[in-house]
Amino acid sequence: MGLIIFVIFLCSVLSLILSKVKSGKGAEWAKLFRIATLIFSISVFTYWFIKKSAVGVVSNSVGLQVINKLPQTLDFYVINVNNPDKNAMHEAKHIGKIRPEYYRIEYLKMDKSDEYWVIGYLGKKNLVYFSQHSVPNKNIDQIVEVNNYINQSVKLSEIAKKQVEAYNYENVKLGIWVSLDFLLLFLNLVLLFRIKK
């Protein structure tokens, strides 16, 4: 998705430059390019937001229910530990903030994995919960009850922290590019449909 967002950014910048072309042979082509860029951008973002808003049920996946039994709200992540022999990287996902006595459900694609980690943060950087779980049977959904503040493995939790930091960094970077794209999209819309006085 990052590449498509960057392409939209470049096309939007070019559209802004082409908005200065108002006469001659190139004017019609410039307007066509600007309209095509707007249609493509709006279509991509509409599809992306619908996909992100939809329930994350994945075919042939394992359902994971994380229940917070602790007295404080924790911010949970799950890391799908992919098998290194299949040349796959670990995948981090943000489950979300879970209040006491509440739960969240996440769906994990386990075709390259048979293990996952659950990480809980109190605040932004204070890791207070880490647990390691194996999935011997991929037909049975998983339930993780968080009853106490534990760290099952200091070594693995350090790896998990780095994975979560990388995941959050990528999301921030993507958020900046999307914001820039929206700004350029708005400017292009205003310039295209501006009524001459």
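Visitor: Why are α2 and α3 called oblique to each other?

Guide: α2 and α3 pack at an angle of about 140 degrees, with their axes 11 Å apart. Angles under 35 degrees count as roughly parallel, over 145 as roughly antiparallel, 65 to 115 as roughly perpendicular, and the rest as oblique. α2 and α3 are therefore oblique. Axes here are lines fitted to C-alpha atoms, for helices over the stretch in contact, and angles run from 0 to 180 degrees between N-to-C directions. This is a predicted model: local features need pLDDT of at least 70, side-chain atom pairs count only at pLDDT 80 or more, and totals for chains, interfaces and linings use all residues. Residues are numbered from 1 along each chain as its sequence is written, and side-chain values use heavy atoms, with hydrogens and water left out.

Visitor: What is the handedness of the α2 and α3 crossing?

Guide: The crossing is left-handed. That term applies if the near helix is turned anticlockwise from the far one by less than a right angle; clockwise makes it right-handed.

Visitor: Which residues of α2 and α3 meet?

Guide: Among them are Leu38, Phe45 and Trp48 in α2, and Leu174, Val178 and Leu185 in α3. Contact means heavy atoms within 4.5 Å. By class, the α2 contact with α3 has 13 nonpolar, two polar and three charged residues. Ala, Val, Leu, Ile, Met, Phe, Trp, Tyr, Cys and Pro count as nonpolar, Asp, Glu, Lys and Arg as charged, and the others, Gly among them, as polar.

Visitor: Why are α1 and α3 called roughly parallel?

Guide: Helix α1 (residues 2-18) and helix α3 (residues 154-192) pack at an angle of about 30 degrees, with their axes 9 Å apart. α1 and α3 are therefore roughly parallel to each other. α1 passes α3 in a left-handed crossing.

Visitor: What covers the buried residues of α2?

Guide: The cover includes α1 and α3. The buried residues of α2 include Ala27, Arg34, Leu38 and Phe45. Buried means under 20% relative accessible area, exposed over 50%, partly exposed in between (1.4 Å probe, protein chains only).

Visitor: How do you know that Val144 is buried?

Guide: Val144 has a relative accessible area of 3%, so Val144 counts as buried. Val144 lies in strand β7 (residues 142-146). Val144 touches residues including Leu64, Val66, Tyr116 and His133. Val144 and Val66 are 78 residues apart in sequence and 4.8 Å apart in space, C-alpha to C-alpha.

Methods:
Helix = DSSP H or I, 4+ residues; strand = E, 2+ residues; numbered from the N terminus. Lists of a residue's contacts leave out its neighbours within four places in sequence.
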